[in-house]
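Hi,

Here is the structure I promised to pass on.

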Amino acid sequence: MTTRPPLPPFSRESAIQKVRLAEDSWNSRDPEKVAQAYTLDSHWRNRAEFINGRAKIVAFLTRKWAKELDYRLIKELWAFTENRIAVRFAYEWHDDSGSWYRSYGNENWQFSEDGLMLWRFASVNDLPIKESDRTYHWPLGRRPEEHPGLSDLGF
């Protein structure tokens, strides 16, 4: 059996670590890599779309990042229990016409004992922004340690 530390039950420190690992993975924009954090039969609700299983997660993320260009994400721990984590997030991206957006949302996660995510419920809202209003300017990939988080940015 493959495990994905940190494993439940979560402490505050391990929940924060799990959230940062998820953020780093999503900022890779690699659907195959991201999907490895989820159980084979993982269940998602993302906006109004229901997704079940890794293959469909990969297909969803492939479509997502073909549309959401120059995607940069910040996640922040909101709450946790033994095997559940709630996060809030914001990400910036633009479409193929050059229109920029900041997408805000919340996710509720439930993990299996091996540390893979079994359930993911995401609510997301998109706010059109001017390119000059962008806040996330790090090179594509992992957010640098010194870059402010959501609370620091007032999001």
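**The cavity**

There is 1 cavity of 30 Å³ or more. By cavity I mean a set of points, on a 1 Å grid over the protein atoms alone, where a 1.4 Å probe fits but cannot get out; points are joined across faces, edges and corners, and a volume is the space filled by probe spheres set on the points. Before you read on: this is a predicted model, with local features needing pLDDT of at least 70 and side-chain atom pairs counting only at pLDDT 80 or more, while totals for chains, interfaces and linings use all residues. Residues are numbered from 1 along each chain as its sequence is written, and side-chain values use heavy atoms, with hydrogens and water left out.

The largest cavity has a volume of about 70 Å³. Its lining (residues with an atom within 4 Å of a point) includes W26, N46, K64, E107 and R120. β3 gives the most to that lining, with 3 residues, and β3, β4 and β6 each supply at least two. Strands here (E, at least two residues) and helices (H or I, at least four) are DSSP runs, numbered from the N terminus.

**The sheet and its helices**

The 6 strands make an open sheet in the order β2-β1-β6-β5-β4-β3, with mixed pairing; two strands pair if DSSP finds at least two bridges between them. At the edges are β2 (49-52) and β3, each pairing on one side only. From one strand to the next the twist averages 20°. β1 and β6 pair in the parallel sense over 5 bridges, and H43 stands opposite W119 in β6.

α1 lies across β1, β3, β4, β5 and β6, at about 165° to β3. α3 packs on the sheet too, touching β1, β2, β3 and β4, and its direction makes about 50° with that of β1. Contact means heavy atoms within 4.5 Å; axes are lines fitted to C-alpha atoms (for helices, over the stretch in contact), with angles from 0 to 180 degrees between N-to-C directions.

**The cores**

A nonpolar core is a set of buried Ala, Val, Leu, Ile, Met, Phe, Trp, Tyr and Cys residues joined through side-chain atoms within 4.5 Å, buried being under 20% relative accessible area with a 1.4 Å probe, protein chains only. The largest has 30 residues, of which W26, Y38, W44, L61, I85 and W109 touch the most other members. A second, separate core of 5 residues includes A90, Y136, W138 and L150.

Cheers

Key: Buried means under 20% relative accessible area, exposed over 50%, partly exposed in between (1.4 Å probe, protein chains only). On a 1 Å grid over the protein atoms alone, a cavity is a set of points where a 1.4 Å probe fits but cannot get out, and a pocket is an open set with protein on both sides within 12 Å along at least five of seven lines; lining residues have an atom within 4 Å of a point.
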